[in-house]
Amino acid sequence: MFQLERQEKILQFINQRQTVRTQELCEMFDVSPVTIRSDINDLARRALIIKSRGGAMSVQRWTHLE
């Protein structure tokens, strides 16, 4: 699977679940924690998700609270 494909699926998964752990994504995509952290960092830089310790959260989760 290509990086952009994986990131799109990660984003969809996070938006569905609201929060996700790095380890869960590693198992789901069968990649290393370094790869998932890189994907999370990239998605967070583009303001598509919010990085959290050990995982990530949906931006949508926080926009509903405002």
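# Helix packing, core and salt bridges

H2 and H3 pack with their axes 9 Å apart, at an angle of about 110°. This comes from a predicted model.

**H2 against H3**

- Angles of 65 to 115 degrees count as roughly perpendicular, and H2 and H3 are therefore roughly perpendicular to each other.
- The crossing of these two helices, H2 and H3, is right-handed.
- On the H2 side, the residues that meet H3 are Thr22, Leu25, Cys26 and Phe29.
- On the H3 side, their partners are Pro33, Ile36, Arg37 and Ile40.

**H1 against H3**

- The axes of H1 and H3 come within 10 Å and cross at roughly 75°.
- H1 and H3 are therefore roughly perpendicular to each other.
- H1 brings Gln3, Arg6, Gln7, Ile10 and Leu11 to the meeting with H3.
- H3 brings Thr35, Ile36, Ser38, Asp39, Asp42 and Leu43 to the meeting with H1.

**H1 against H2**

- H1 and H2 pack at an angle of about 130°, and their axes are 12 Å apart.
- The crossing of H1 and H2 is right-handed.
- Arg6, Lys9, Ile10, Phe13 and Arg17 in H1 meet residues of H2, namely Glu24, Leu25, Met28 and Phe29.

**The nonpolar core**

- The largest nonpolar core has 13 residues.
- Ile10, Leu25, Ile36 and Ile49 are the residues with the most contacts inside this core.
- Each of H1, H2 and H3 supplies at least two residues of the core.
- H1 gives the most to the core, with four residues.
- Which residues does Ile36 touch, not counting those up to four places away in sequence? Ile36 touches Ile10, Thr22, Leu25, Cys26, Phe29 and Val31.

**Thr22 in H2**

- Thr22 is found in helix H2, which covers residues 22-29.
- Is Thr22 buried or exposed? Thr22 has 11% relative accessibility, and the limit for buried is under 20%, so Thr22 counts as buried.
- Leaving aside neighbours within four places in sequence, Thr22 is in contact with Pro33, Ile36, Arg37, Ile40, Gly54 and Gly55.
- Thr22 and Leu43 are 21 residues apart along the chain, and their C-alpha atoms are separated by 13 Å.

- Asp39 and Arg6 are both buried.
- Arg6 and Asp39 are also among the residues through which H1 and H3 meet.

**The salt bridges of Asp42**

- Asp42 forms a salt bridge with Arg45, at 3.9 Å from N to O.
- Arg45 and Asp42 are three residues apart in helix H3, so about one helical turn separates them.
- Asp42 also forms a salt bridge with Arg46, where the closest N and O atoms are 3.7 Å apart.
- Together, Asp42, Arg45 and Arg46 are linked in a network of salt bridges.

Note on methods: Residues numbered from 1 in each chain as written. Predicted model: local features only at pLDDT ≥ 70, side-chain atom pairs only at ≥ 80, totals over all residues. Heavy atoms only, no water. Buried < 20%, exposed > 50% of the residue type's maximum accessible area, 1.4 Å probe, protein only. Salt bridge = Lys/Arg side-chain N within 4 Å of Asp/Glu carboxyl O. Contact = heavy atoms within 4.5 Å. Core = buried A, V, L, I, M, F, W, Y, C linked by side-chain atoms within 4.5 Å. Axes fitted to C-alpha atoms, helices over the stretch in contact; angles between N-to-C directions. Parallel < 35°, antiparallel > 145°, perpendicular 65-115°, else oblique. Left-handed = near helix turned anticlockwise from the far one by under 90°.
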